Amino acid sequence: MKEYDVEHLFENGNIDGKTECLCQKVSSENRSVRIHDHEFYEIFLTLSEVGHFINGKNEKLGRGTLVFIKPSDIHGILYNENRRCEIVNLSFSSRLMRKIIDYLVISQAFIDNLKSNKVMLDEYETQRLSEKLNMIVNGERTDLLYKRCVLFELVTMFLQGESDEKKMFPQWFEKMCEQMKSKENFTIGIERMLEISGKSREYISRSIKKYLGISATEFVNNLRLAYSASQLINTDKNVTDICMDVGFYSISWFNKIFAKKYGMSPKEFRKKGESRESRYI
């Protein structure tokens with residue numbers, strides 16, 4: 001796999017402070033490949049065939065692919081010098097995502113664990129959404145209500161294929177998932193889930209498998225790995241200290257599952273993340 005620098009993009013400078021979102025059309029002209037993660041969410045629509053790097057893997061996206069990017073994702077468009085590549089993307093703040101979640105009466109854990117981050121559109125829908133987004137990009141529609149309505153429509157398109165059972169997590173399960181995002185909790189792991197929920201280990205394991213489709217160990221490890229990736233990019237702590245700090249006590253195991261998730265070792269990940277300044281996509 002070709003090596004790229006990994007950048008971290010902040011909301012400040014990449015999201016409009018007033019509307020809490022930013023819409024742009026991005027083409028391959030005068031563009032270089034920029035692999036990044038960010039503090040905010042992003043949805044982009046492909047207007048041509050494009051290559052896409054996400055979490056260590058390369059994929060080919062056809063025209064009319066709508067893609068949902070979470071803050072924990074590491075991604076970037078792989079521009080082809082011999083072919084024009086074009087997308088239109090709408091980035092929006094985590095606070096705005098929280099408002100949408102509350103309005104829809106769904107859970108953050110549900111958003112964090114969507115079965116798919118892609119929706120394939122037919123040509124009519126591709127053209128319709130492209131025109132809506134272009135009106136924002138071109139400045140034809142600058143009003144906040146229009147932007148929020150377009151964003152709401154895009155977000156809900158990713159929810160339609162999910163089961164109602166998964167959308168409505170039990171209150172105890174939602175509370176547990178939210179509290180486990182805290183470093184003081186995910187470093188302890190499954191034992192802390194038992195304390196928070198008051199449920200048995202077997203019941204928690206069955207529930208996580210039922211609602212999220214993963215094991216309890218995978219759930220904890222995903223939280224630890226996301227935090228570790230952020231530490232590698234944004235601090236000078238050595239890899240061993242980061243490994244131990246998040247609750248992994250085997251550096252070889254940490255290296256193995258980190259490489260499986262991100263497509264590279266922690267040291268390679270840090271080496272590629274030397275450029276940390278905030279930039280647009």
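The model is predicted: local features need pLDDT of at least 70, side-chain atom pairs count only at pLDDT 80 or more, and totals for chains, interfaces and linings use all residues. Residues are numbered from 1 along each chain as its sequence is written, and side-chain values use heavy atoms, with hydrogens and water left out. Helices (H or I, at least four residues) and strands (E, at least two) are DSSP runs numbered from the N terminus.

**Nonpolar cores**

- A nonpolar core is a set of buried Ala, Val, Leu, Ile, Met, Phe, Trp, Tyr and Cys residues joined through side-chain atoms within 4.5 Å; buried means under 20% relative accessible area, exposed over 50% and partly exposed in between (1.4 Å probe, protein chains only).
- The largest nonpolar core holds 73 residues, and F92, M176, M193, I208, F219 and F269 touch the most other members.
- Helix α10 (residues 216–234) supplies the largest share of this core, eight residues.
- F269 is in contact (heavy atoms within 4.5 Å) with V6, I74, A229, L232, I233, F258, Y262 and M264, leaving aside its neighbours within four places in sequence.
- A second, separate core has 11 residues, including L61, I69, I77 and I87.

**Helix α9**

- The 12 residues of α9 (residues 201–212) should span 16 Å at 1.5 Å a residue, and its end C-alpha atoms, 16 Å apart, agree with this; the expected span is 1.5 Å times one less than the number of residues.
- I204, S207, I208, Y211 and L212 are the buried residues of α9.
- These buried residues fall within an arc of 100° seen down the axis, so they line one face of the helix; the arc is that of the directions from the helix axis to the C-beta atoms.
- R206 and K209 are exposed on the other side of α9.

**Sheet and packed helices**

- Five strands form an open sheet in the order β2-β9-β4-β7-β10, with antiparallel pairing; two strands pair if DSSP finds at least two bridges between them.
- The edge strands, β2 (21–27) and β10 (118–120), each pair on one side only.
- Strands β4 (residues 41–46) and β9 (residues 86–92) run antiparallel and are joined by six bridges; I43 has L90 in β9 as its bridge partner.
- Helix α3 (residues 123–137) packs on the sheet, touching β2, β4 and β9, and its direction makes about 115° with that of β2; axes are lines fitted to C-alpha atoms, for helices over the stretch in contact, and angles run from 0 to 180 degrees between N-to-C directions.
- Helix α4 (residues 144–157) lies across β2, β4, β7 (65–69), β9 and β10, running at about 105° to β9.
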